[in-house]
Amino acid sequence: MPDRARGSSGARGRGGALALRAGRHFGPTLVTAVVLVGFAFTNPGATDLALGVNIGVAAIAAVGLTLTIGGAGQLALGQAGFMAIGAYGTAYLMRDREMAFLPALVLGVVMALVVGVLVGYIALRLRGHYLAMATLAVGTGIHAFLMLPGPLGGVNGYAPIPFPEIFGYRFLDPRDQYLLVAGLLILVLLGSRWLLTARMGRELAAIRDDEVAARSVGVNITARKVQVFAVSAGIGALAGGVNAPLQTAIDPSLFSAAISIQLFVMVILGGLGSIYGAVCGAALLTWLISVVPGRGSWALTVLGVIVIVFMAVLPDGLAGLGRVGRALAARMRRRAPGAGAVVTEVPK
């Protein structure tokens with residue numbers, strides 16, 4: 001009987017630990033899913049839903065970039081180029097090859113994966129700002145290619161692109177389009193969270209912290225770097241591929257170096273290594289771009305000031321708000337009247 005009791009208590013302990021790990025794994029994503037889906041049923045207007053689509057697309061691309069920058073410590077600045085591969089690949093297959101949306105999207109992601117593998121091999125020999133410049137050059141090269149006259153439209157853009165259709169259902173309603181992007185974002189968060197907590201994620205963190213030490217304990221540096229660049233490129237292509245048919249028209253300006261810099265800023269604002277922070281950073285920056293007057297130097301100046309303030313006040317980004325709140329609460333408790341008082345009994 002005692003052995004049976006110990007066995008049942010051990011099973012309950014293991015079950016509780018498993019539930020705790022599952023809660024840590026799925027809990028933040030579940031909360032994010034409730035917020036994203038719930039917004040669609042708060043009776044938002046078409047403008048708000050369009051902004052939500054833009055935020056969702058930017059968040060998907062930013063999460064992919066977070067895996068490279070925050071997860072593996074590789075400074076990459078060419079995410080807009082991978083978005084362009086997904087967008088133009090999906091649009092071309094849908095319009096000129098009359099392919100269905102889902103197969104076209106998958107093939108667009110596969111094309112970006114191939115390019116991501118090539119960029120990953122480039123990253124093996126580069127570090128720091130050299131890697132940043134190389135990845136930025138890749139993105140700029142893709143943008144320059146799209147500017148050339150040809151079947152992809154050049155500077156005039158590529159249009160019209162058919163609306164996405166899945167199993168006979170066309171996503172024409174703004175709410176349906178928003179839910180499509182929100183659903184993909186939730187799937188990307190689940191996959192990214194799983195990757196970061198799995199063995200690959202732990203090895204990427206080891207590479208980020210100390211590459212020499214990671215190699216000494218048997219981490220395959222080459223494979224992991226190539227894999228993370230490929231995954232990041234694929235997620236970026238997913239963002240571009242789903243956005244192109246929703247917008248029905250694309251042009252090279254949507255994938256310029258400035259867009260890559262904006263995605264990088266989203267990751268910084270959210271907090272390096274935090275995929276949920278990347279979503280918050282994407283939401284904040286996309287909303288700011290929509291409300292800041294002008295598209296020229298004034299808008300860039302305002303965004304630059306915001307980034308400087310964030311770096312000074314929140315060096316860990318939005319993901320560090322919880323830590324800052326806990327520190328302030330602890331300081332308030334220490335300063336409360338009588339917090340440090342000690343009662344001593346006076347002998348008679």
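Buried means under 20% relative accessible area, exposed over 50% and partly exposed in between, with a 1.4 Å probe and protein chains only. This is a predicted model, where local features need pLDDT of at least 70, side-chain atom pairs count only at pLDDT 80 or more, and totals for chains, interfaces and linings use all residues. Residues are numbered from 1 along each chain as its sequence is written, and side-chain values use heavy atoms, with hydrogens and water left out.

View 1. Helices (H or I, at least four residues) and strands (E, at least two) are DSSP runs, numbered from the N terminus. Of the chain's 348 residues, 43% count as buried. Take the contacts (heavy atoms within 4.5 Å) with a separation of 6 or more: 77% of them link residues 24 or more positions apart.

**View 2. The largest nonpolar core, with 82 residues.** A core like this is a set of buried Ala, Val, Leu, Ile, Met, Phe, Trp, Tyr and Cys residues joined through side-chain atoms within 4.5 Å. Ile 60 and Ile 250 have the most contacts inside it. Helix α2 (residues 46-72) gives the largest share of this core, 13 residues. Leaving aside neighbours within four places in sequence, Ile 60 touches Val 181, Leu 184, Leu 185, Val 188, Ile 235 and Ala 239.

**View 3. Leu 51, another residue of helix α2.** Leu 51 is partly exposed, at 21% relative accessibility. Setting aside neighbours within four places in sequence, Leu 51 is in contact with Thr 286, Trp 287 and Ser 290.

**View 4. Helix α9 and its residue Lys 225.** The 27 residues of α9 reach 39 Å from first C-alpha to last, close to the 39 Å expected at 1.5 Å a residue; the expected span is 1.5 Å times one less than the number of residues. Since 22 of those 27 residues are buried, α9 is largely enclosed by the rest of the structure. Lys 225 is buried too, with a relative accessible area of 2%. Beyond neighbours within four places in sequence, its contacts include Gln 74, Gly 120, Arg 127 and Glu 211. After the helix comes Thr 248, with a positive phi near 65°.

**View 5. Salt bridges, six in the count.** A salt bridge here is a side-chain nitrogen of Lys or Arg within 4 Å of a carboxyl oxygen of Asp or Glu. Arg 199 pairs with Glu 203 at 2.9 Å, N to O. These two are four residues apart in helix α7 (residues 199-209), so about one helical turn separates them. Arg 199 is exposed at 57%, whereas Glu 203 is buried at 11%. Asp 209 and Arg 208 also meet, at 3.3 Å, N to O; Asp 209 is exposed at 59% and Arg 208 partly exposed at 38%. Arg 215 bridges to Glu 211, with the closest N and O atoms 3.8 Å apart. Arg 215 is partly exposed at 48%, while Glu 211 is buried at 14%. Shared partners join Arg 199, Glu 203 and Arg 224 into one network of salt bridges.
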